[in-house]
Amino acid sequence: MALCAKKRPPEEERRARANDREYNEKFQYASNCIKTSKYNILTFLPVNLFEQFQEVANTYFLFLLILQLIPQISSLSWFTTIVPLVLVLTITAVKDATDDYFRHKSDNQVNNRQSQVLINGILQQEQWMNVCVGDIIKLENNQFVAADLLLLSSSEPHGLCYIETAELDGETNMKVRQAIPVTSELGDISKLAKFDGEVICEPPNNKLDKFSGTLYWKENKFSLSNQNMLLRGCVLRNTEWCFGLVIFAGPDTKLMQNSGRTKFKRTSIDRLMNTLVLWIFGFLVCMGVILAIGNAIWEYKVGTRFQVYLPWDEAVDSAFFSGFLSFWSYIIILNTVVPISLYVSVEVIRLGHSYFINWDKKMFCMKKRTPAEARTTTLNEELGQVEYIFSDKTGTLTQNIMVFNKCSINGHSYGDVFDVLGHKAELGERPEPVDFSFNPLADKKFLFWDPTLLEAVKMGDPHTHEFFRLLSLCHTVMSEEKNEGELYYKAQSPDEGALVTAARNFGFVFRFRTPKTITVHEMGTAITYQLLAILDFNNIRKRMSVIVRNPEGKIRLYCKGADTILLDRLHHSTQELLNATTDHLNEYAGEGLRTLVLAYKDLDEEYYEEWADRRLQASLAQDSREDRLASVYEEIESDLMLLGATAIEDKLQQGVPETIALLTLANIKIWVLTGDKQETAVNIGYSCKMLTDDMSEVFVVTGHTVLEVREELRKAREKMMDLSRTIGNGFTFHEKLTSSKLTSVLEAVAGEYALVINGHSLAHALEADMELEFLETACACKAVICCRVTPLQKAQVVELVKKYKKAVTLAIGDGANDVSMIKTAHIGVGISGQEGIQAVLASDYSFSQFKFLQRLLLVHGRWSYLRMCKFLCYFFYKNFAFTMVHFWFGFFCGFSAQTVYDQYFITLYNIVYTSLPVLAMGVFDQDVPEQRSMEYPKLYEPGQLNLLFNKREFFICIAQGIYTSVLMFFIPYGVFAEATRDDGTQLADYQSFAVTVATSLVIVVSVQIGLDTGYWTAINHFFIWGSLAVYFAILFAMHSKGLFGLFPNQFRFVGNAQNTLAQPTVWLTIVLTTVVCIMPVVAFRFLKLNLKPDLSDTVRYTQLVRKKQKAQHRCMRRVGRTGSRRSGYAFSHQEGFGELIMSGKNMRLSSLALSSFTTRSSSSWIESLRRKKSDSASSPSGGADKPLKG
């Protein structure tokens, strides 16, 4: 990103002194001006052209243009190359200029915003770009924060202020920030003008949630944290005013530090296309060498005899040098085998595919008013080649809308309702939910079904009261009371909001907080607790604690956190309660609920004071501050007394089981990477049909050491092989993996398997000496679930599959913890959910629900891949058919670099005559309708196997193009050798021959694209037949008297086209050429369709049969509509269907229409190709492909 400030050496620390610009200027900190634009009026042309000529194709055509300016070797006018080159450069430049104009506009808008800056004791209006480090700024309500500021004071008590961080992290809930006490009293301008404190802090970085610094003022030092900072991009809310000291400005702000460009992703077709273009260039050089040698020989043996009539140019003194010049002439003539329009056409097609995704109403979420969005245009066809999906669980597979479902208090479980016989009541059989009318502050949306918990609260059970007291105190929720009694909680996570809401309904209502107090209404009585410390949550601690002093002066620590962390920190006296609570935790996790453990600890005054002093020292440390604080926190969060546990339900999103079932049938392997505990993740796996009871085995890896993990993976592989031997596959298992080039013995194992692995085991499995064993085992499984994983481990798993598998990967998630995974995968998909928009901002595609993934891949992805492959095949075919005619003509013109076509035809062929039909096919073509794409997921497999465009298909296209060029030249050549006109004169002349060959070529390639087009629209008809009409219009115009009168030197052959095309012989020649070129293609496709049809051919045939049957039925009787193919699914999100859901019996696919075709060759040939691909792969191979049962 271009920035205003010059590049400076990296800072080791930042020093900023308030109200002292002279002192701060010596550090040469960046100004607050931002510049995201790339060009200005003077630099646009040179910089943009420099960037464009870094593309190999553009440089190549510039080189050809230079060659054409040399008279001795140029047999074509310079405009044949410069017209398409300038057209391409202009289109790209206009696009870049438009983008940069909007960047300039945005930069100017931001840089010219006004802010109030304290200068010489007076508040003055300054533009944002003129704000400097060390300035003190006044912000008012609803204003954007101009730079990264240290909050000094505010209009609210205790120096509090409220901000919205949507522009930073997408979260719309308000967050609180607080000035340190020593500056919170500096609300007066005169006091602020005298403030000369100096801040020493960390250098600029992109960590939004961390800040470490120290304020030195009046010979004292004060610790600064992220809670004291207002970051650029935030908006001040519900706060009349505040003052802040600028610490980071412009490009140094955390917002701009996070604006770095994401890694550029290229598709496999892009990489293949670059390779093929190099091959074509090599082929071009070979043709040039052959024709140059031919020229040298011809000039030596024949040309020397005709020096009187055909003298050499002055510079030519030998046949060898003539051949050398002829080589460059032919390079110019034959350059159209690598057409410049190819790259532009590819980008136009991709742009069209992106708009189709954006406009798809079936991927529009009405509830959130959120459309699907293609955030990149370069990856569309790769959506049709995905083999591995890596998915987050919470908010991706589930809704991330948390509901307080069950809890365990003092060894007693609450939440289930039992009937008179003591059986759990199903949801439909339950009585009314618990009545909270006794509590005027209760949330009316909150539902709970077990009345015994409310009875325990009303009876004053001390453990129950302490349980809900903890939930009402141990959190970071902000409360807003819009009207009397109408509380509105703003929580940083849905879990926390659900827990505080539960406490609220059961009589422990969190009302409001100040920096030092929390006020809770306990059973109607307002009680204010003194808040002594918050030990905040992070991904490493996985817990949070608060230390409070109650009105009686008693100090207590309340803690809630993950069971894996908290259970190890309990006092030994709670062992009996721990056993009962652990049983409840396992039961809750088995039902797919998210669990937290609650505990407390009483502290005496003396110990707390001594601990608080050590905490202060750790917070002031300049180095390793976070580690020191973590150590201090660890000490006090020990010997805790267990209170109980909570269980929160995070329901599956609508359509998740159906989506996973369809994607699995498309041979896409789905791996779930989640931070949740194993039991929860496994249960969700069963609920969403990733795991089924029909699976041969579900392997669970939980080893804590390298040896344990290696042994568990080895046993899993052995068991797969043992089961395979019993079925008779006859494979022997090789325990030792000797190299990275593996031909997996697991490739053809029978049965379906799943692998579940924990985070601590995964850490060992990802080590260099074991990663191949882990990958080998995991890829043999149909489903993989990784539990308790960190964001870094998510990215490492994706990178491992990318590294060793020749497969396209897709990562999908909704939270900031998924960003690294999304950026690592070939394709990143962000879900706009409850956790902000950081995942969306980092993604390539975004939508609001997981179920839209099936449509993105099976419809848009498959079509994009199909269209791009057909486009490329046809494009290379038509250009070889066009160009190779010159090659054959060379043998009949003394290798003199004479062209067959006139130069205007050469110029217009790719940019006028044949460009629009192939674009229409590339944008609109379909093999089967979208409903059939979803109904037959096996149609997706050709993309995974890369069948539609590969090196083999490329050579077939080239061969067809060369075959067409041979007939295109030799049939007219043979006819013209003997043919005469109507008046008996000789028909053969150069210009008539050129018109005949050119007309034959345009007609043949138009008929060919008509054959290639599988889905006709009005646009296809208009472009194909319109291009033919345009060709004839231009042809007759160029041979007209009008143009001859205007440009007599350029258009000398008046009436030639009219005279030539008036001859029946010419039209018979054109028809003969067309038939001979096209008939083999028609015959081959007819035989292939009948003898070895693709699955798409079978589906189309079935569709035609259905239409005929429907037409017949309409004549006979009215037939009722059959049930939907997916009507066999019956998945309930409501409680009470747990056993049915976990059995998987109610979610089997109903009779798949596909199964009736698996006996045909269309299935077997795909399977054999898949095995062939796997055998030749130089990587750990994937799991066995289980053919669909009929």
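Glu219 counts as exposed, at 85% relative accessibility (exposed is over 50%, buried under 20%, partly exposed in between, with a 1.4 Å probe and protein chains only). This is a predicted model, where local features need pLDDT of at least 70, side-chain atom pairs count only at pLDDT 80 or more, and totals for chains, interfaces and linings use all residues. Residues are numbered from 1 along each chain as its sequence is written, and side-chain values use heavy atoms, with hydrogens and water left out.

**Positive phi in loops**

- Most residues other than glycine have a negative phi.
- Glu219 has a positive phi, near 60°, and sits in the loop between strand 9 (213-217) and strand 10 (220-224) (strands are DSSP runs of E, at least two residues; helices are runs of H or I, at least four; both are numbered from the N terminus).
- Asn410 also has a positive phi, near 55°, and its loop runs between strand 16 (398-409) and strand 17 (412-414).
- With a relative accessible area of 38%, Asn410 is partly exposed.

**Aromatic pairs**

- There are 62 aromatic pairs in the structure (rings of Phe, Tyr and Trp, the last by its six-membered ring, with centres within 6.5 Å; planes under 30 degrees apart are stacked, over 60 edge-to-face, the rest tilted).
- One of them is the stacked pair of Phe882 and Tyr909, at 4.2 Å centre to centre and 15° between the planes.
- Phe882 is in helix 26 and Tyr909 in helix 27, so this pair ties together parts 27 residues apart in sequence.
- Phe969 and Phe970 make an edge-to-face pair, because their centres are 4.9 Å apart and their planes at 85°.
- Phe969 is buried at 0%, while Phe970 is partly exposed at 35%.
- Ring pairs also build a cluster whose members include Phe882, Tyr909, Tyr1031 and Trp1067.

**Charges over rings**

- Arg113 puts its charged end over the ring of Trp128, 5.0 Å from the centre (the cut-offs are NZ of Lys or CZ of Arg within 6 Å of the ring centre and within 35 degrees of the ring normal).
- Lys878 does likewise over the face of Phe875, 4.3 Å from the ring centre.

- Phe891 is in the loop between helix 26 (852-890) and helix 27 (903-913), and is partly exposed at 42%.
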